[in-house]
Amino acid sequence: AQRLKVPILTLTQREGITGIGDYVFRNFLTAAMQIRTVVQYAQAELGLRRFAILSPDDPYGQEMARLFREEVVRKGGEIRKEKSYKTDQTDFGEEIHALAGIVPVSPDAERPVALQPKPNPGFEALFIPDSALRVGMIVSQLAYYDITGIRLLGTSGWDSPELLKTDPERLQGAVFVDGFFPNSFRPEVNAFIESFYLSYGREPDAMEALVYDAAAMAVRLIVENRGGTREAFRKGLTEVKGYQGVTGRTSFSPSRDAEKELFILTVKDGQIIQVK
């Protein structure tokens, strides 16, 4: 596309995709976009300053942890503690002990399973960039070790019914983001859901919503510039600012990456709802 000077709207998280050239654009939910939104909301709206990270030891977890760490520090916050775990792990006791500062009593003690009184973990929020299923397991174990009173933060992987299957009460007030939320109170989302359901007999997923917005932006530019050139179309994309689509307001940065107003979600009374 770049070689032939054909504007292209990609839908991928691949790093550096728009660096290929000035005809390459991206309309997708990126890791950096999610982290910026989560950290901004946690600090500006919730007043949180001290954070910890518990992440999977894989490329996704490492990248999310790095971005979160850098964004928190850039915004004047602190990363107090950080631990990772194996992707096939199901027992997170060791990591939770390390994060919360809990030290098991010696096996020679009269009650070897007893724990010393837990100190204050020293952080206000715990960021867990993993799937909804794994997060549910971790949250249950946090409750088992009586780690309470901290805000849980996550990514779009949390936005699934699986999140609420294990221990929804322990997730009350958790904050995470997504690029599309079918139960949104935004009118354009409701209209899209209804139209899609009438056509296909089911609700759309996030990828279909992103494709819809990309196509809608392209069609609008073509209609407004009938007979225009590929260069005119490319320039038109660079000038898209605040396009109100079903995946939030979209603008394109100078690097041709979409900048989106993500859906901020939380768990309340056993349900995932939109906060902002």
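Which element gives the largest share of the lining of the largest pocket? Helix α6 does, with three residues.

This is a predicted model, where local features need pLDDT of at least 70, side-chain atom pairs count only at pLDDT 80 or more, and totals for chains, interfaces and linings use all residues. Residues are numbered from 1 along each chain as its sequence is written, and side-chain values use heavy atoms, with hydrogens and water left out.

**View 1. The largest pocket holds about 430 Å³ of space.**
A pocket is an open set of points on a 1 Å grid over the protein atoms alone, with protein on both sides within 12 Å along at least five of seven lines. Lining residues have an atom within 4 Å of a point. Grid points are joined across faces, edges and corners, and the volume is the space filled by probe spheres set on them. Here the lining counts 24 residues. Nearest the centre lie Ser 156, Asp 159, Asp 178, Phe 180 and Ala 206. Two elements give two or more residues each: α2 and α6 (206–224). Helices (H or I, at least four residues) and strands (E, at least two) are DSSP runs, numbered from the N terminus. By class, the lining divides into 13 nonpolar, seven polar and four charged residues. Nonpolar covers Ala, Val, Leu, Ile, Met, Phe, Trp, Tyr, Cys and Pro; charged covers Asp, Glu, Lys and Arg; the others, Gly among them, count as polar.

**View 2. The second largest pocket holds about 260 Å³.**
Its lining has 13 residues. Closest to the centre are Thr 37, Lys 260, Glu 261, Leu 262 and Ile 264. The elements that give two or more residues are α1 (31–45) and β10 (258–260). Of these, α1 gives the most, with six residues. The lining splits into four nonpolar, two polar and seven charged residues.

**View 3. The structure holds one cavity of 30 Å³ or more.**
A cavity is a set of grid points where a 1.4 Å probe fits but cannot get out. The volume of this largest cavity is about 30 Å³. Ile 96, Leu 99, Ala 100, Phe 123, Leu 126, Leu 142 and Ile 147 line it. Helix α3 (residues 93–100) gives the largest share, three residues. What is the make-up of the lining of the largest cavity: nonpolar, polar or charged? Seven residues are nonpolar, with no polar and no charged ones.

**View 4. A salt bridge joins Glu 82 and Arg 69.**
A salt bridge is a side-chain nitrogen of Lys or Arg within 4 Å of a carboxyl oxygen of Asp or Glu. Side chains of opposite charge can pair when their charged atoms come close. The N to O distance is 2.7 Å. The pair links distant parts of the chain, 13 residues apart: Glu 82 sits in strand β4 (residues 78–85), Arg 69 in helix α2 (residues 59–74). Glu 82 counts as partly exposed because its relative accessibility is 34%. Arg 69, at 30%, is also partly exposed. Buried means under 20% relative accessible area, exposed over 50%, and partly exposed in between (1.4 Å probe, protein chains only). The structure holds 15 salt bridges.

**View 5. Lys 165 meets Glu 162, and Asp 167 meets Arg 170, in salt bridges.**
The side chains of Lys 165 and Glu 162 come to 3.1 Å, N to O. Lys 165 is exposed, at 60% relative accessibility. Glu 162 is partly exposed, at 31%. For Asp 167 and Arg 170, the closest N and O atoms are 3.7 Å apart. Is Asp 167 buried or exposed? Asp 167 counts as buried because its relative accessibility is 17%. Arg 170 is partly exposed, at 43%. Elsewhere, salt bridges that share partners join Glu 63, Arg 66 and Glu 70 into one network.

**View 6. Three strands form an open antiparallel sheet in the order β8-β9-β10.**
Two strands pair if DSSP finds at least two bridges between them. β8 (243–245) and β10 stand at the edges with a single partner strand each, so one side of each has no neighbour in the sheet. From one strand to the next, the twist averages 35°. Axes are lines fitted to C-alpha atoms, for helices over the stretch in contact, and angles run from 0 to 180 degrees between N-to-C directions. β8 pairs with strand β9 (residues 248–252) over three bridges, in the antiparallel sense. Gln 244 has Arg 249 in β9 as its bridge partner.
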